[in-house]
Amino acid sequence: MAACGDGRCGGAAAVRAGGRRPGNARGRHRPTSFPASFFELVREAFEQAHPGRRLRVVNTKTTAAITQLQDRAGEEVNLFWASAPDVFEVLKAAGLLAPVASRPTGAPATVGNQPVDDPDGTHLGFALSGYGLVWDQPYLDRHGLAAPRGWEDLRRPVYARHLGITAPSRSGTMHLMVETVLKLHGWGRGWATWLEIAGNLATVTARSYGVVEGVAKGRFGIGLAIDFLGHGAGQGAAPGGLRFAYPADSVFLPASVAILRSAPNPAGAVAFC
């Protein structure tokens, strides 16, 4: 996600900031790939803590946000906010991120071998994200399926036409899940695992949260999702039907926020961070 000044905050899809709000209230524009069910809570809390500022979040997929920022279409954006750590390395290498100071939060400096805050001081971790499996238990019961417990389970022919993922080329989250399996199992076995999983797919959604929505609405029974989407799922599903679990070999990585070097409202961006 990204945030901007000038009374607006926008997501990764629409990265243009608007003008000032009435009464000279100041805001930020923030691009993000997170769904409204997540960022609206953050926006409301921020505006309550900073009554003079307004935040506009524009939702977009991660890859589109990177392209827009690199093509200078996001010059009015103040912040970038996303869960995929590799995205921030791309923006840092392009010189698009401003320095931002770490602050004491009580969180550990590293998770495994992954720094929570960027050692070069260009982005800050704000949460830990894990990747796992979301399923609709009534759906599995109707089809006589056991709940999967790991990546390897998804290879089984019994799950044919019951799985859903989003396209790794469009989703930073799914891209990381693909890389996780490759790192855990090696190149040969890892790709063999993904090819067999692909043979069981019912669909490939356009957005990450489309996977959880598809499970909730019964389009397919099992999806691969980031934890905050899986735990927050439920609209359209039977009460208590949706479940989420981390595979035994799941990986946790920091989701981050960064200030853009071209931010029109750096003071407002710093306040959000």
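**First stop: a cavity lining**

Select Thr-166, Ser-171, Thr-173, Met-174, Met-177, Ser-208, Leu-224, Ala-225 and Ile-226, which line the second largest cavity. Helix 5 (172-185) and strand 9 (222-226) are the elements that give two or more residues to this lining. The lining divides into five nonpolar, four polar and no charged residues, where Ala, Val, Leu, Ile, Met, Phe, Trp, Tyr, Cys and Pro count as nonpolar, Asp, Glu, Lys and Arg as charged, and the others, Gly among them, as polar. The space in this cavity is about 30 Å³, and the count comes to two cavities of 30 Å³ or more. A cavity here is a set of points, on a 1 Å grid over the protein atoms alone, where a 1.4 Å probe fits but cannot get out, and lining residues have an atom within 4 Å of a point; grid points are joined across faces, edges and corners, and a volume is the space filled by probe spheres set on the points.

The model is a predicted one, in which local features need pLDDT of at least 70 and side-chain atom pairs count only at pLDDT 80 or more, while totals for chains, interfaces and linings use all residues. Residues are numbered from 1 along each chain as its sequence is written, and side-chain values use heavy atoms, with hydrogens and water left out.

**Second stop: helix 7**

Next select residues 208-216, which form helix 7, a mostly covered element with seven of its nine residues buried; buried means under 20% relative accessible area, exposed over 50%, and partly exposed in between (1.4 Å probe, protein chains only). Helices (H or I, at least four residues) and strands (E, at least two) are DSSP runs, numbered from the N terminus. Ser-208, met already in the cavity lining, is one of the buried residues of helix 7, as are Val-211, Val-212 and Val-215. Just after the helix, Gly-218 takes a positive phi of about 80°.

Now select strand 6 (residues 124-136), which pairs with strand 11 (residues 252-259) in the antiparallel sense over six bridges; two strands pair if DSSP finds at least two bridges between them. In this pairing Leu-124 stands opposite Val-257. Strand 6 also runs antiparallel to strand 9, joined by five bridges, and here Tyr-131 stands opposite Ile-226, a residue that also belongs to the cavity lining. With strand 10 (residues 242-245), strand 6 pairs in the antiparallel sense over four bridges, and Trp-135 stands opposite Arg-243.

**Last stop: charged pairs**

The count comes to eight salt bridges, each a side-chain nitrogen of Lys or Arg within 4 Å of a carboxyl oxygen of Asp or Glu. Show Lys-92 and Asp-118, whose closest N and O atoms are 3.1 Å apart in a salt bridge. Lys-92 lies in helix 3 (residues 85-93) and Asp-118 in the loop between strand 5 (114-115) and strand 6, so the pair ties together parts that are 26 residues apart in sequence.

Key:
On a 1 Å grid over the protein atoms alone, a cavity is a set of points where a 1.4 Å probe fits but cannot get out, and a pocket is an open set with protein on both sides within 12 Å along at least five of seven lines; lining residues have an atom within 4 Å of a point.
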